[in-house]
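Hello,

Here is the structure I promised to pass on to you.

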Amino acid sequence: MAGTLPSPRVRKNPQNTQLNYEVPHRIHTVKAYPLKSENGSSIILYGHENGVRVIWRGGRPFKDVSQTSTASQKSNGAEGTIISLESDDDEPASKTFQDKPEFEEEEELDGTKPYPEILQTLDLHFGSDVLHLAVLPTPLLQADGSSSKSLQKFKQKVVFTAACADNTVRLVTLPLTPPSPASKSRPEFRSDFTKAFAGQGSWGETITTLFGQQKPSRAVSMTIDFPAPPDPSKLDSKSSKSEDAQFIIASYSAEAMGLLLLFRISTKSPSDSQPFQKVYLASPAKSIAFNPSLAVQRSSHLLVADTKGACRIYDYKKLAKVSEEGSEFPAAEQGTWLLSLFTGFHSSKNDAAPLAGVHNGYGRKSLVDAQWVAGGQAIIVLLQDGEWAIWDIEGVGPGASQGLLGRAGVKAGSMSEYNLTGYLDIGVKARHPAPAQNSGSKFAPMTPSTRKSVEPFGGRGSSGQLQGQISVSQISTSSSSTPLDESIVFRLDEAYMHIPSLAKYWAANSRRGGSKGSNNPFTSAAPGSRMTKVDGVDLQGERCSGIEQIANVDSSDLLILGEHRFTIVLTGKQPKVIKARVPAGRSALIERDGNVAGDLDVMEIDQALTRMENGQSKRGKIFQV
């Protein structure tokens, strides 16, 4: 059933404004949808212990239902008595609810709350934990042309993939427009709340279940395979018949050393499906991601980052027959591994080395995450020691004459040369971990406040390695002539670093430091071309479960996920609101812009009285009406 979110706890610092939302369930993953709804709302998806919650944030609010109904009654009663033309045969059809939400003409701006408010929420109940989410790449959803005609109907829907704890993967479609308040308060939901569960179509959703895994998925990615243009030389009816575009979904699970499954689902008539390709990996994977490019030669490429310090590119369309020795079954068709890129080696004994029981990839630096950048023409990686780097595959970087593919090739066993590299400022302890100390007691406290004392560097998992992530968001600009750019956010342990413009940062560092950039991320001074550290993130002692970026015009907001809460860091320009001056030495625990209208909470009243007693108060500035 749909739920609501309480008002956020607002925290401000000199760098940014943070909105902290608490939720009533355990959160596992989060994704921001690339498209906005009809009323201009941003859409956030997060997976929790029972399914997926969809959040519509900002945009034009719903029209007042009372005003709409009153206007309707006046127009119907203007000429006299209302005559019903419906017959008894139409009664069953009239019981079918059709949601037609109406919105105000423009977005309302509340001066006391200069941030987008939560407009609507919707819970899709699956009856299982949703561990991972995937959405279609932004360039595919924003594509225009003959090849994307079959995708037009999905531009009015939210399309995502959910990897669940019951060993299934679900493909879900949902209307892009938020459900109206009338839709959520339907009488049938009061008599039987299970009618609101996902899969019954109460919210206009469709769910396709994918089977084939024996263990829950640890990573999932999706794309679309557009049909090839018809061959004009063949004019028979069979060849002239157009094919439908298909969803391609990749799922990785920890079966054997690692099992990669690929599913193909028709966009016209989706149905439950089995995988069409099974690939057993030589080492466990950290992440998988389809190439976001619209180019036919790259759209079928899947990036697989493994734990041994290698990034491999798999092409599911370039088929090759593979058969096991002694097997009586015919050879199965699989894709082809096109390229392997290797990280560097630990340079000295002081470098962070994996703990006992963790495979170190023959001395190579372990990967934390890897993602496509530059429109799918380069790869960015994050390593365990805080180093990050870019491999320019197609030669799209500033001053690059050719990419990695234009050289003689990658020598086996050697490091693949980076085109840009740097280090994150995560602290000495995180980069050079000390050996774990034995505790005298077998019982360890597991409250949020004492968890870090039990497990040093609380971002680590059970393997003792640092947990992290790379978030890549395409920057939407107000000008169509502006070239493609991306915003990058790194998370490693409890450190968050933000590159507002990858193109500007790459250009600035290639001019200063050559092809390898600079190890100091804070030296470039051009606007948008320097890396900034996001400070003061407060998850109330909870571990970070993930990061995501909510795209705005020329900027993006950062969403940081905890275990039972999430924080939205506002990084773009916010509306200017007049507020009371507060001495630099005193900062409110909870700061609200309601001060402008003379509305103070208990904490702010106490602070105001303290300042008055100390002779530091200026009543005309604090209590403004």
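Predicted model: local features only at pLDDT ≥ 70, side-chain atom pairs only at ≥ 80, totals over all residues.

Searching the whole structure turns up ten salt bridges. One of them pairs Arg 565 with Glu 22, with 3.1 Å between the closest N and O atoms. Since Arg 565 sits in strand S29 (residues 565-570) and Glu 22 in strand S2, this pair ties together parts that are 543 residues apart in sequence. Arg 565 is buried, as its relative accessible area is 11%, whereas Glu 22 has 45% and is therefore partly exposed. The two also belong to a network of salt bridges, in which Glu 22, Glu 542 and Arg 565 are linked.

Another salt bridge joins Arg 53 to Asp 123, and here the closest N and O atoms are 2.7 Å apart. Arg 53 is part of strand S5 (residues 51-57) and Asp 123 part of strand S6, so parts 70 residues apart in sequence are tied together by this pair. Arg 53 and Asp 123 are both buried.

Then there is Lys 317, whose side chain meets that of Asp 225 in a salt bridge of 2.8 Å, N to O. Lys 317 lies in strand S17 and Asp 225 in strand S11 (residues 217-225), so the pair ties together parts that are 92 residues apart in sequence. Lys 317 is partly exposed, with a relative accessible area of 37%, while Asp 225 is buried at 14%.

Strand S17 (residues 310-322) also holds Tyr 316. This tyrosine is buried, because its relative accessible area is 3% and buried means under 20%. The C-alpha atoms of Tyr 316 and Gly 335 are separated by 4.1 Å, although the two are 19 residues apart along the chain.

Finally, the surface carries a patch of negative charge, where Glu 105, Glu 106, Glu 107, Glu 108, Asp 110 and Glu 117 gather. Of these, Glu 117 is found in the loop between helix H2 (91-94) and strand S6 (118-125). Glu 117 counts as partly exposed, with 38% relative accessibility.

Best wishes

Conventions
Residues numbered from 1 in each chain as written. Heavy atoms only, no water. Patch = residues over 30% accessible without salt bridge, like charges linked within 9 Å, V, L, I, M, F, W, Y side chains within 5 Å. Areas by Shrake-Rupley, 256 points an atom, 1.4 Å probe, with all protein chains shown as cover. Salt bridge = Lys/Arg side-chain N within 4 Å of Asp/Glu carboxyl O. Lys, Arg positive; Asp, Glu negative; His and termini not counted. Charge placed at Lys NZ, Arg CZ, Asp CG, Glu CD. Helix = DSSP H or I, 4+ residues; strand = E, 2+ residues; numbered from the N terminus. Buried < 20%, exposed > 50% of the residue type's maximum accessible area, 1.4 Å probe, protein only.
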